[in-house]
Amino acid sequence: MPTTADVLIAGGGVIGTAIAWQAARKGLDVILVDPKAGDAASLVAAGMLAPASESLFGEQELLRLNLLAVRRFPRFAAELEDETGHGTGLRREGTLAVAYDPDDYAALARLTEFRRSAGLLADELDARACRTLEPFLAPDVRGGFLFAGDGSVDNRRYVAALGEAAHAAGVRTIRGRVAEIRDRHARLDDGTPVSAERIVIAAGCWSGGIKGLQVPVRPVKGQLLRLRHPHGVAPVLSHTIRALVRGTDVYLVPRADGELVVGATQEERGPDQTVTAGAVHELLHHAMDVLPVTSELVLAETCAGLRPGTPDNGPIVGHADTEGVILATGHYRNGILMSAVTADAVVALLTGRPPAPEWAPFSPERFARQP
Ligand SMILES: Cc1cc2nc3c(=O)[nH]c(=O)nc-3n(C[C@H](O)[C@H](O)[C@H](O)COP(=O)(O)OP(=O)(O)OC[C@H]3O[C@@H](n4cnc5c(N)ncnc54)[C@H](O)[C@@H]3O)c2cc1C
């Protein structure tokens, strides 16, 4: 006899676990399937909640969704902290975007002009004002812009808390991979059958590998470093720094426990999760250019993760062609930020309500319409 549930969720990264928690809180019987292989992008990510300083030319619809996400996140995290008693390391100091040389400054100013035209607020700061905010910045830093609406979360603590909350809400977890889906049934890679009224695909960049579905996601590799203060004391920064250094983008995200996350590369290399010497060198080199004190920190960890990228860089959330299947994937650079609003949207679909209007451009249908 197959195991049965109201909802089966394939994938226990930040997206699948957030959905599982919220669906179980609504009284649904939920099974979460994940191989627990430790390769989830959610555990590699930097945890920025940065709709403003991440927004790019031509991504206005994505910006509207990300702004909804950043407004929703604090209440979601507070509920999670209340239920589990664990902190998530949410910080709301904002992002200080800085430029290293005059060309970088010109490029940053152009991008900020576009962001302001989209309604985002950014305070222009000269070099001295930047260093008043962040005294460890290099003297070469030309100036920058403060995006006060951005924040960050300690994504590892956040994902762990989501897992605990989901478990406490009654979610059953099965270790394994969903290999195939047919007629409201899933077959796991060891042959185990699971049947469910609704099946949610939240397997990140692996979502396209499940037989019986067409999901246009691909892995986009990102390498990232975690540095620590040798004595584990307060962070060397109070804001996230996003720096343009001779045309290359690098970010530094502080945590309350003294960790400093430095990222990230963006590489089209298929499912490769190796860390390369060149990437570590580049990231450290650029980080030291803007924040020389990083050379004193301990290189605690190097890691690489796979962002679930889509053809238009937007997430894919909504009913799939296959009866009973909902897709919740393709969150690319913003899956941590979008986790709460994705859980809201999928629970709305599971309970027969429409998701927020900001989701309209991101349904799976937009790819089905393409030749
Ligand atoms: C270097 C880097 C930095 C990033 N920084 C940020 C950031 O600052 N802010 C932000 O918002 N986002 C960031 N991201 C993006 C973010 O990490 C992703 O968008 C997000 O983690 C996607 O979550 P997910 O749950 O969809 O996928 P994942 O976290 O990859 O989880 C997918 C899960 O599915 C499981 N799985 C795979 N195949 C199957 C299967 N067949 N059946 C069942 N389970 C399966 C996997 O084991 C995994 O646990 C970053 C990503 C990278 C790589």
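In which loop is the place of Asn 313? Asn 313 sits in the loop between β16 and β17 (316-319), where the helices (H or I, at least four residues) and strands (E, at least two) are DSSP runs, numbered from the N terminus. Before going further, note that this is a predicted model, in which local features need pLDDT of at least 70, side-chain atom pairs count only at pLDDT 80 or more, and totals for chains, interfaces and linings use all residues. Residues are numbered from 1 along each chain as its sequence is written, and side-chain values use heavy atoms, with hydrogens and water left out.

Asn 313 is not a glycine, yet its phi is positive, about 70°. With 23% relative accessibility, Asn 313 counts as partly exposed; buried means under 20% relative accessible area, exposed over 50%, and partly exposed in between (1.4 Å probe, protein chains only). Arg 184 is another residue other than glycine with a positive phi, near 60°. You'll find Arg 184 in the loop between β9 (178-182) and β10 (185-188), partly exposed at a relative accessible area of 26%. For background, most residues other than glycine have a negative phi, and most peptide bonds are trans. The bond from Gly 263 to Ala 264, though, is cis, with omega near -15°, and Ala 264 belongs to the loop between β15 (259-263) and α8 (277-290).

Now for some strands, which pair if DSSP finds at least two bridges between them. Strand β1 (residues 3-10) runs parallel to β11 (residues 193-201), with seven bridges, and Ala 5 faces Ala 196 of β11. β1 is also parallel to β2, this time through four bridges, and here Ala 10 is opposite Val 33.

Next comes helix α1 (residues 14-25), whose 12 residues reach 17 Å from first C-alpha to last, close to the expected 16 Å; that expectation is 1.5 Å times one less than the number of residues. Of those 12 residues, 11 are buried, so α1 is largely enclosed by the rest of the structure. Among the buried ones are Val 14, Trp 21 and Gln 22. After the helix comes Gly 27, with a positive phi near 95°.

A shell of 38 residues surrounds the ligand, the closest being Asp 34, Ser 42, Met 48, Tyr 332 and Arg 333; a residue counts as near if one of its heavy atoms lies within 4 Å. An oxygen atom of the ligand is 2.8 Å from a polar backbone atom of Met 48. A nitrogen atom of the ligand is 3.4 Å from an N or O atom in the side chain of Arg 177. Taken alone the ligand exposes 1000 Å², and the protein buries 98% of that (areas come from the Shrake-Rupley method with a 1.4 Å probe; for residues, only the protein chains shown count as cover). The elements giving two or more residues to the shell are α1, β2 (30-34), α2 (41-44), β12 (218-228) and β16 (298-309).

Finally, look at Ser 207, in the loop between β11 and β12. Ser 207 has 0% relative accessibility, so it counts as buried. Its side chain reaches the backbone oxygen of Gly 204 at 2.7 Å. The side chain of Ser 207 also makes a polar contact with the side chain of Thr 329, at 3.1 Å. A polar contact is a pair of N or O atoms within 3.5 Å; within protein, one must be able to donate a hydrogen and the other to accept it, and residues adjacent in sequence count only if both atoms are side-chain atoms.
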